Amino acid sequence: MIEQIVARGENLPSMAQEGVDQTAGQIALAAENALAAAHVDKAQVLGAGIAVPGHVKASGGLVKWAPNVKNRWMNVPIATLVENRVGVPVRNAHDDTLSH
């Protein structure tokens with residue numbers, strides 16, 4: 001199960017036990033913290049990316065199925081949920097795709 005969210009070396013609990021909204025909030029917090037640590041204003045950011053284990057429909061920002069996440073996410077619009085919190089465009093892709 002996914003237990004942590006990592007952004008710019010910071011580890012935060014995923015809050016996966018609490019549900020999708022809490023996990024999206026933690027991802028957004030990690031992004032905000034990374035921007036603050038880098039002294040970058042959101043207006044300078046073109047976008048952010050989320051690496052997700054599981055089946056992903058990147059074109060729609062959708063996690064089709066993530067077996068490693070509590071309650072096995074199905075059809076979760078994680079990119080939209082995080083984008084609405086952070087205020088920059090967010091895209092997601094399968095974690096293996098982003099690691100290359």
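Trainee: Before we start, what kind of model is it?
Mentor: It is a predicted model.

Trainee: Which residues of α1 are buried?
Mentor: Thr-23, Ala-24, Gln-26, Ile-27, Ala-28, Ala-30, Ala-34 and Leu-35.

Trainee: How do α1 and α2 cross?
Mentor: Helix α1 spans residues 20-38 and helix α2 spans residues 78-86. Their axes come within 9 Å and cross at roughly 50°. Angles of 65 to 115 degrees would be roughly perpendicular and those under 35 roughly parallel. The two helices are therefore oblique to each other.

Trainee: Left-handed or right-handed?
Mentor: The crossing of α1 and α2 is right-handed.

Trainee: Which residues meet there?
Mentor: From α1, Val-20, Asp-21, Ala-24, Gly-25, Ile-27, Ala-28, Ala-31 and Glu-32. From α2, Ile-78, Leu-81, Val-82, Arg-85 and Val-86.

Trainee: And by class, what is in that contact?
Mentor: The contact of α1 with α2 has nine nonpolar residues, one polar and three charged.

Trainee: Switching topic. What follows α1?
Mentor: His-39 does, and its phi is positive, near 55°. That is a positive value in a residue other than glycine. His-39 is in the loop between α1 and β3, the strand at 48-52.

Trainee: Is that His-39 buried or exposed?
Mentor: His-39 has a relative accessible area of 72%. The cut-off for exposed is over 50%, so His-39 is exposed.

Trainee: What about phi at Asn-75?
Mentor: Asn-75 is not a glycine either, yet it has a positive phi of about 55°. Asn-75 is in strand β6. At 44% relative accessibility, Asn-75 counts as partly exposed.

Trainee: Last one. Where is Pro-67?
Mentor: Pro-67 is in the loop between β5 (62-66) and β6 (73-76). Its relative accessibility is 28%, so Pro-67 counts as partly exposed.

Trainee: What does Pro-67 touch?
Mentor: Leaving out residues up to four places away in sequence, Pro-67 touches Gly-54 and Arg-72.

Trainee: How far apart are the C-alpha atoms of Pro-67 and Gly-54?
Mentor: They are separated by 6.4 Å. Along the chain, Pro-67 and Gly-54 are 13 residues apart.

Conventions
Residues numbered from 1 in each chain as written. Predicted model: local features only at pLDDT ≥ 70, side-chain atom pairs only at ≥ 80, totals over all residues. Heavy atoms only, no water. Axes fitted to C-alpha atoms, helices over the stretch in contact; angles between N-to-C directions. Helix = DSSP H or I, 4+ residues; strand = E, 2+ residues; numbered from the N terminus. Parallel < 35°, antiparallel > 145°, perpendicular 65-115°, else oblique. Left-handed = near helix turned anticlockwise from the far one by under 90°. Contact = heavy atoms within 4.5 Å. Nonpolar A, V, L, I, M, F, W, Y, C, P; charged D, E, K, R; others polar. Buried < 20%, exposed > 50% of the residue type's maximum accessible area, 1.4 Å probe, protein only.
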